[in-house]
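Reader: I have not looked at this one before. Can you walk me through it?
Author: Go ahead and ask.

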Number of protein chains: 2
Amino acid sequence: MKELFGSPGKASGLGLRIGQFVFAAASIGVMVSAHGFFNSTAFCYLIASMGLQVLWSFGLACLDLHALKSKRSLQNPVLVSLFVVGDWVTSILSLAAASASAGVTILYARDLHYCNATPHFPCKKFQIAIALAFISWFLLAVSSHVMFWLMASV
Amino acid sequence: MKELFGSPGKASGLGLRIGQFVFAAASIGVMVSAHGFFNSTAFCYLIASMGLQVLWSFGLACLDLHALKSKRSLQNPVLVSLFVVGDWVTSILSLAAASASAGVTILYARDLHYCNATPHFPCKKFQIAIALAFISWFLLAVSSHVMFWLMASV
């Protein structure tokens, strides 16, 4: 298998996983701190999806760390296939959740003018949580493309 | 290059492109016929994104048809790279648009109870348009994965 930026068991791969984990956890933290987030299904779905991403990225970060410490390779076809499926499922769910939440926030802010009309409505927090979710998704998309490339180029 | 289901210049590839084109056009048609769709930015974005998908898929369907008729191969690295970039950009935009619209529709239907409270609110049409957009995105996702696989396995 080729050696690419972000390959499993490499320092760059570990960096990507830590980034995904940190941004997803931050997104959950900001969203949970926004008063009344549970009134919208899309925001609850964002928390669930980011929760799944936190678990997945944290698990793979531990695996990368173990591989780096013990100098073992994670690049065997079965493991990479497993990473590909997990990465793709998680990344599609994350993009869908971030987009659905963005759609709802834009509806509140631009179409219904809730953000200006209701001073205590936490629009800023919703926007920050969604921006963090998009950053986390972008890092996951990089990982999933690298995994798919590794699998295809065997 | 390998011969895969949905490769460019093959009958299966042409079928996928026609499916993407038809479902995206149907999604636009249903959304435009829903009264008041322009009040939500997400629904306008869905129409723009499906419009882009219609143009892209129609263009590639014509190219596939031409390749099939003239028995020419479209599988050269430059063309496939171009297809990969176009497919990925279009498919990410389509998934984001369909998810944003789904988030807004769920907000209307489940969270704000607009659909039951306002008899003339075209919730059913919004739902049908979004379902068609998701089908179109799924077909495009198949094409984009095949293209990426072809590019990676050169």
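**Patch, bridges and one leucine**

Author: To start, helices H2 (41-70) and H3 (77-111) of chain A each supply at least two residues of a nonpolar patch; helices are DSSP runs of H or I with at least four residues, numbered from the N terminus. The model is predicted, so local features need pLDDT of at least 70 and side-chain atom pairs 80 or more, while totals for chains, interfaces and linings use all residues. Residues count from 1 along each chain as written, chains are lettered from A in written order, and side-chain values use heavy atoms, without hydrogens and water.

Reader: Which residues form the nonpolar patch?
Author: Tyr45(A), Leu52(A), Val85(A), Val89(A) and Leu93(A), with about 390 Å² of accessible area together. Areas are Shrake-Rupley values with a 1.4 Å probe, and for residues only the protein chains shown count as cover. Patch residues have over 30% relative accessible area and no salt bridge, and nonpolar side chains (Val, Leu, Ile, Met, Phe, Trp, Tyr) are joined within 5 Å.

Reader: Which helix gives the largest share?
Author: H3(A), with three residues.

Reader: How many salt bridges over all chains?
Author: Two, each a side-chain nitrogen of Lys or Arg within 4 Å of a carboxyl oxygen of Asp or Glu. Asp87(A) pairs with Arg17(A) at 3.0 Å, N to O. Asp87(A) is in helix H3 and Arg17(A) in helix H1 (residues 11-33) of chain A, so the pair ties together parts 70 residues apart in sequence.

Reader: And in chain B?
Author: Asp87(B) forms a salt bridge with Arg17(B), the closest N and O atoms being 3.0 Å apart.

Reader: Are Asp87(B) and Arg17(B) buried or exposed?
Author: Both are buried, meaning under 20% relative accessible area; exposed is over 50%, and partly exposed is in between (1.4 Å probe, protein chains only).

Technical notes. Patches are made of residues with over 30% relative accessible area and no salt bridge: like charges are joined within 9 Å, nonpolar side chains (Val, Leu, Ile, Met, Phe, Trp, Tyr) within 5 Å.
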